[in-house]
Amino acid sequence: MDFILIPIIFLGLIILISSFFIVKQQTAAIIERFGRFNSIRQSGLQLKIPLVDRIAGKLSLKIQQLDVIIETKTLDDVFVRLKVSVQYMVIKDKVYDAFYKLDYPHEQITSYVFDVVRAEVPKMKLDDVFVKKDDIALAVKAELNDAMSDYGFDIIKTLVTDIDPDAQVKAAMNRINASEREKIAAQFEGDAARILIVEKAKAEAESKRLQGQGIADQRREIARGLEESVEVLNKVGINSQEASALIVVTQHYDTLQSIGEETNSNLILLPNSPQAGSNMLNDMVASFAASNQIGEAMKASRNKKKSE
């Protein structure tokens with residue numbers, strides 16, 4: 001008799017244990033009774049009727065992501081591959097619809113993404129696809145929300161995570177970008193060179209102005225010194241012509257001394273007799289007198305023409 005009870009008790013324990021089941025956090029379990037929907041069980045320890053109820057399936061209530069890669073053509077006839085990431089979750093109050101209305105939700109979402117992207121991208125040029133990728137993502141999200149909410153799915157967010165044109169198109173875009181940058185660099189280099197030339201010209205002009213001012217100041221001081229020297233010599237009884245001759249002779253010999261002290265100077269032949277200074281002075285006086293006579297004659301000629 002005991003041998004008959006042992007299998008019965010063992011079978012009863014198995015049936016009792018199978019009556020309990022655990023549902024994980026953020027998960028919903030669908031219970032069917034004799035093949036018909038009975039209830040939805042949330043997370044925790046749950047109980048079902050053995051041999052009558054069964055777990056038909058479980059749905060995750062977490063946010064899930066589906067990556068869809070679409071190849072399409074832009075308005076300027078460039079083929080491009082887009083990667084669209086769809087983040088979605090099962091609505092907690094619509095677990096029944098999510099489980100029973102769709103067998104393959106991933107395929108359904110993928111179809112809608114293909115439909116929207118291939119309707120939006122052909123309206124844009126390639127550059128606009130990069131700029132307006134958020135507009136594409138919003139269009140996909142709006143379409144999916146309208147379609148999938150009836151099936152118990154909520155579309156959290158859609159992202160265009162990658163835009164990949166053909167390799168030749170990318171190479172051409174890189175060449176265009178490089179050319180634009182080289183053009184900008186050349187413009188900056190030209191501006192820098194022009195500024196350098198202008199500043200160098202300004203510096204040279206300022207240098208020449210200061211140099212001329214220095215020469216003028218030097219000559220003014222020389223003239224003032226000569227004037228003072230002539231006045232000093234006049235006070236000791238030497239007339240202006242003799243004083244000028246003395247000054248010229250003195251400067252003549254100072255020049256010869258300076259040339260002689262320079263060991264690296266080239267050979268220069270200058271008159272060195274005592275009469276050389278007097279002769280140069282006489283020649284200079286004669287030249288000044290002749291210039292004055294010519295100037296007076298030209299002035300008189302112009303006055304005569306004006307009077308006629």
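I started with S1 and strand S4 (residues 44-47), which pair antiparallel over four bridges. This is a predicted model, so I kept that in mind from here on.

I found Phe 20 with Leu 47 of S4 as its bridge partner.

Then I checked the two faces of S1, which covers residues 20-23. Phe 21 and Val 23 sit on the covered face, while Phe 20 and Ile 22 make up the uncovered one. That puts Phe 20, the bridge partner of Leu 47, on the uncovered side of S1.

On to the other sheet. In what order do its three strands run? I read S6-S7-S8, an open sheet with antiparallel pairing. Strands S6 (64-73) and S8 (153-165) are the edges, each pairing on one side only. I noted an average twist of 20 degrees from one strand to the next.

S6 and strand S7 (residues 79-90) are antiparallel and joined by 10 bridges. Within this part of the sheet, I saw Ile 69 standing opposite Lys 83 in S7.

Which helices pack on this sheet, I wondered? Helix H3 (residues 105-120) is one of them, and I found it touching S6, S7 and S8. The direction of H3 makes about 35 degrees with that of S6. Helix H5 (residues 133-148) packs on the sheet too, with contacts to S7 and S8. For H5 I took down about 145 degrees between its direction and that of S8.

Conventions: Residues are numbered from 1 along each chain as its sequence is written. This is a predicted model: local features need pLDDT of at least 70, side-chain atom pairs count only at pLDDT 80 or more; totals for chains, interfaces and linings use all residues. Side-chain values use heavy atoms; hydrogens and water are left out. Two strands pair if DSSP finds at least two bridges between them. Axes are lines fitted to C-alpha atoms, for helices over the stretch in contact, and angles run from 0 to 180 degrees between N-to-C directions. Contact means heavy atoms within 4.5 Å. Buried means under 20% relative accessible area, exposed over 50%, partly exposed in between (1.4 Å probe, protein chains only).
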